[in-house]
Amino acid sequence: MKRIGLAAIAALALCAGAPASAQQVLKVGSTPTGIPFTFLDTKTNTIQGIMVDLVTEIGKDAGFNVQIEPMQFSALIPSLTSSKIDIIAAAMFITAPRKEVVDFSDPIYTYGEGLVVPKSDTKAYATQDDLKGETVGAQVGTAFVDALKKTGLFADVKAYDTIPDILRDVNTGRLKAGYADYPILAYNLKQGGFPETRLVEGYKPVTVGSVGIGVRKGETALLGKINASLAKLKANGTIDKILGKWGLKAQG
C-alpha cells in the first residue's frame with residue numbers, strides 16, 4: 001500500500017509539472033536586415049535586435065515562448081495571414097492598409113524616413129521636392145515606396161529587397177538618393193560599412209509612423225496579452241532599457 005501511495009504521489013507531481021514543460025511556443029517573423037530593430041547576428045547565426053528582445057520579454061511576462069523565424073520584410077504579412085508565423089516583430093509601421101489585414105499592438109516607437117545620398121553630394125536637402133526628377137530608392141513592402149510614388153516627384157522609385165542594398169547603390173554612386181527607416185540608416189552608417197554615403201541631417205521626414213507588433217486578425221486574446229505586457233514593460237522601464245541597449249532614445 002505504501003508503494004502504491006508513493007507512486008500515486010509521483011504521478012500527481014508529474015501531472016502538476018506538465019503545463020510548465022508544455023508552455024505554448026509562438027513563431028515570430030523577424031527580418032535579418034533591419035538593424036537595430038532586427039538583424040542577423042553572424043556570430044551566433046540568430047536574429048537579434050530591439051524587437052527580438054522586446055517580444056522575448058513579452059513572452060516571459062505573458063506566459064509563452066518565442067521561436068524567431070527569419071524572413072524578408074515583404075514576406076512578413078503573407079506568412080502571418082497564412083499561419084506560417086503567429087506574430088510579426090520587426091520595424092513595421094502601423095498603417096491603415098496594414099490594419100485591414102493585421103491587428104497591431106499599441107505603438108512601441110515612432111519615427112520617419114531618413115534620406116541618404118553619396119558623400120560627394122553636399123547639397124542640403126530639406127524636402128522631397130529638392131530631389132524632383134531624380135531616381136530614388138526605397139525598400140519593397142515598406143510604407144515609403146507607395147508614399148514616394150504617390151508624390152509624382154521622381155523619375156523612378158526603385159524598390160530594393162533590403163536597406164543594405166539601397167546603401168550599397170548610394171555608396172557606389174549608382175543611386176542618387178535612398179529613403180528608409182531613419183534609425184536603421186543611422187545605425188548602419190555608424191558601423192562604417194558605407195563610407196561614401198551620408199545621412200542628410202537637415203531632411204524633414206514626411207512618412208512618420210509607429211512600429212507595432214502584429215498578430216492575425218481576430219487573435220484578440222493574444223493581442224490583449226501583448227498589450228498588457230507592453231504596458232507593464234513600459235511602466236517598469238524595460239522598454240527604455242532595450243531601446244538604450246541598441247542606441248535609441250526613450251520616447252514619452
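Predicted model: local features only at pLDDT ≥ 70, side-chain atom pairs only at ≥ 80, totals over all residues.
**Exercise 1. Is Ser 229 buried or exposed, and what is its relative accessible area?**

Residues are numbered from 1 along each chain as its sequence is written, and side-chain values use heavy atoms, with hydrogens and water left out.

*Solution.* 
- Step 1: Recall the cut-offs: buried means under 20% relative accessible area, exposed over 50%, and partly exposed in between (1.4 Å probe, protein chains only).
- Step 2: Ser 229 has a relative accessible area of 2%, so Ser 229 is buried.
- Step 3: Helices (H or I, at least four residues) and strands (E, at least two) are DSSP runs, numbered from the N terminus.
- Step 4: List its surroundings. Beyond neighbours within four places in sequence, Ser 229 is in contact (heavy atoms within 4.5 Å) with Ile 58, Asp 61 and Ala 62.

**Exercise 2. Find where Gly 137 lies and what it touches.**

*Solution.* 
- Step 1: Gly 137 belongs to strand S10 (residues 135–139).
- Step 2: With a relative accessible area of 0%, Gly 137 is buried.
- Step 3: Leaving out residues up to four places away in sequence, Gly 137 touches Lys 158, Tyr 160, Ile 166, Leu 175, Ala 177, Gly 178 and Tyr 179.
- Step 4: Take Ile 166 from that list.

**Exercise 3. Describe the largest nonpolar core and the aromatic rings around Phe 37.**

*Solution.* 
- Step 1: A nonpolar core is a set of buried Ala, Val, Leu, Ile, Met, Phe, Trp, Tyr and Cys residues joined through side-chain atoms within 4.5 Å.
- Step 2: The largest one holds 62 residues, and Phe 37, Ile 87 and Leu 115 have the most contacts inside it. Helix H2 (residues 50–62) gives the largest share, six residues.
- Step 3: Another core lies apart from it, with 11 residues including Phe 73 and Val 102.
- Step 4: Turn to the rings: Phe 37, Phe 93, Tyr 109, Tyr 111 and Phe 144 make up one aromatic cluster. Rings of Phe, Tyr and Trp (its six-membered ring) pair if their centres lie within 6.5 Å; planes under 30 degrees apart are stacked, over 60 edge-to-face and the rest tilted.
- Step 5: The structure has eight aromatic pairs. One of them, Tyr 109 with Tyr 111, is tilted, at 6.2 Å centre to centre and 45° between the planes.
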